[in-house]
4 protein chains.
Amino acid sequence: MSLRIITTGGTIDKIYFDAKSNYEIGEPMVTSILEEGLATVPHVVQPILRKDSLELTDDDRQLIYDTVAAAPEQHIVITHGTDTMPVTAAKLKSIQGKTIVLTGAMAPARFRITDSIFNIGCAVAAAQALPAGVYITMNGRIFEAGKVRKNLELGRFEATE
Amino acid sequence: MSLRIITTGGTIDKIYFDAKSNYEIGEPMVTSILEEGLATVPHVVQPILRKDSLELTDDDRQLIYDTVAAAPEQHIVITHGTDTMPVTAAKLKSIQGKTIVLTGAMAPARFRITDSIFNIGCAVAAAQALPAGVYITMNGRIFEAGKVRKNLELGRFEATE
Amino acid sequence: MSLRIITTGGTIDKIYFDAKSNYEIGEPMVTSILEEGLATVPHVVQPILRKDSLELTDDDRQLIYDTVAAAPEQHIVITHGTDTMPVTAAKLKSIQGKTIVLTGAMAPARFRITDSIFNIGCAVAAAQALPAGVYITMNGRIFEAGKVRKNLELGRFEATE
Amino acid sequence: MSLRIITTGGTIDKIYFDAKSNYEIGEPMVTSILEEGLATVPHVVQPILRKDSLELTDDDRQLIYDTVAAAPEQHIVITHGTDTMPVTAAKLKSIQGKTIVLTGAMAPARFRITDSIFNIGCAVAAAQALPAGVYITMNGRIFEAGKVRKNLELGRFEATE
């Protein structure tokens, strides 16, 4: 069992540059989260994008799709901005024979208070435990692709119908 | 789907009392970890013991067994000291029809650097995703009860044979 | 001995709003920093502005001046954005009979890695220990108003002369 | 202006060893606290003891005395366990011509919630700002040696009239 962790940006990796007073996307934080979690599970981290998920284009989603499809591993975690995470998840549904889990964070991993570490834990376990398919792990829950949305007012993910 | 989270003590909940210069077991930290993780997964937290796992007696393990067996939920997470976590896991194997996941931490959840948040994330997802059985999630890996030990020198869990 | 702590905004208090993907100024963090520091020193916290210091107007600086001048306390700490902290410090120099210490942070207090707690500690002690005058405490150093600048390239404060 | 920071152990530097389930004294944390505080103030860190302050002997206190007396710097910070910090402070009072500030922490610097960063900030500024003498900075306050005690019930330092 080996995991491939593909990073695409999003709030989880946001960093603050003082001079500009705005966030930009930094180095993937999943690496330090796994270190702090004392993770010994075999894995590779593959950064492919550094974007807010509202700015992901069709080409970007195709790149994510192609990267997952070409991965030799069967177990895939994708870190992704939350706003369009359900869109990317739906796009990946046609990939067969892989367990693909998307996650991200509502508060940056560089914050003292953040959901990112818990979310990565959920995703790493879900990618190993679930049957082939595409899923989102947020809020300690496991959602199937195509049956999940982000509730913007509550800032939480929820199942549709 | 609802989770029952049973807490038994262990390093994850250790607290430091200045006057005595030693650790004792504090309030279960899983509650604040789930809050910070923005968890909306339905769950109850049930504290039953506050012990270092080296001090767990046969009676204590029977209490854990009985508590799990009596739980109305099918999905169970147990926080537990690491030293005898494999012993307790093995003891629970005869419980049928439940997915039971034990986890804990090498460094207390009250530490700035701790594996506890990541581990709880792994356990929460694994308890929802895995088929009935007894498991340990540590180091980002999922171990089956009876096939896992703690490597004391490395401070890591590993599969046996 | 009683301290008045006047907050004006700046990076130290910046907060991240997910929906908008940018920082804004939040509640003054000095209150929680003092709590975590177990501070028993008598003090009041008085928030008067919530601005990035690049956006402070002449009227804002006059408000800071008037607030300090009117304070019944002799010992004053001001939290302030770093970019124009030396400008405000120079403006306050004509206030007599008070020890006035400005500080702030290069990384928000809500970050896991931040200089804000250390800086507030320096300012609180300096405001009690120094003779009347206007000072900046940043980088563990004490600078006199009018003899300090922010080195933008290095992101550090340094003495002019 | 250059600071000498002498470390003697105490809660601030305590570390937890899982196998033994008790604290011992680790590497001085003042170094990482100064780094995180972006401190550019010239300083040297000199570790001389790693003891709980209840275990300090007369010989240990003589070592602290001799180290301070021999230091080429005029500005001295000493990190020290809290329980006998006032005893050591009183012992150092006969050293002339130096500003000596003792501090420590009620909660270890390795904890997520700790007063250690704030306390080090206070001590670093106080050692630069105060006239020659021996002081303790705890709880955001500055106490003179010989006029301070630790209130064990409250876990706070207070002046003796």
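Before we start, one term: contact means heavy atoms within 4.5 Å. This is a predicted model, where local features need pLDDT of at least 70, side-chain atom pairs count only at pLDDT 80 or more, and totals for chains, interfaces and linings use all residues. Residues are numbered from 1 along each chain as its sequence is written, chains are lettered from A and ligands numbered from 1 in the order in which they are written, and side-chain values use heavy atoms, with hydrogens and water left out.

**Exercise 1. Find the strands that helix α4 of chain C lies across, and give its angle to β6(C).**

Step 1: Helices (H or I, at least four residues) and strands (E, at least two) are DSSP runs, numbered from the N terminus.

Step 2: Pick out α4, residues 116-129 of chain C. This helix lies across β1 (3-9), β5, β6 and β7 (133-138) of chain C.

Step 3: Take the angle. Axes are lines fitted to C-alpha atoms, for helices over the stretch in contact, and angles run from 0 to 180 degrees between N-to-C directions. Helix α4 runs at about 170° to β6(C).

**Exercise 2. Work out the strand order of the sheet in chain B, and explain what happens at its edges.**

Step 1: Walk across the sheet. It's an open one with six strands in the order β4-β1-β5-β6-β7-β8, and the pairing is mixed. (Two strands pair if DSSP finds at least two bridges between them.)

Step 2: Look at the edges. β4 (43-51) and β8 (141-144) of chain B each have a single partner strand, so one side of each has no neighbour in the sheet.

Step 3: Zoom in on one pair. β1 (residues 3-9) and β5 (residues 75-79) of chain B are parallel, with five bridges, and B:T7 stands opposite B:T79 in β5(B).

**Exercise 3. Describe the hairpin of β7 and β8 in chain D.**

Step 1: Check the pairing. β7 (residues 133-138) and β8 (residues 141-144) of chain D are antiparallel, over four bridges.

Step 2: Find a facing pair: D:Y135 is opposite D:E144 in β8(D).

Step 3: Go to the turn. Two residues sit between the strands, and D:N139 in the turn has a positive phi of about 60°.

**Exercise 4. Describe how chain B can be laid on chain A.**

Step 1: Superpose the copies by least squares on the C-alpha atoms of residues with pLDDT of at least 70 in both.

Step 2: Compare the surfaces. Both copies use the same one, as 100% of the contact residues of chain B recur in chain A.
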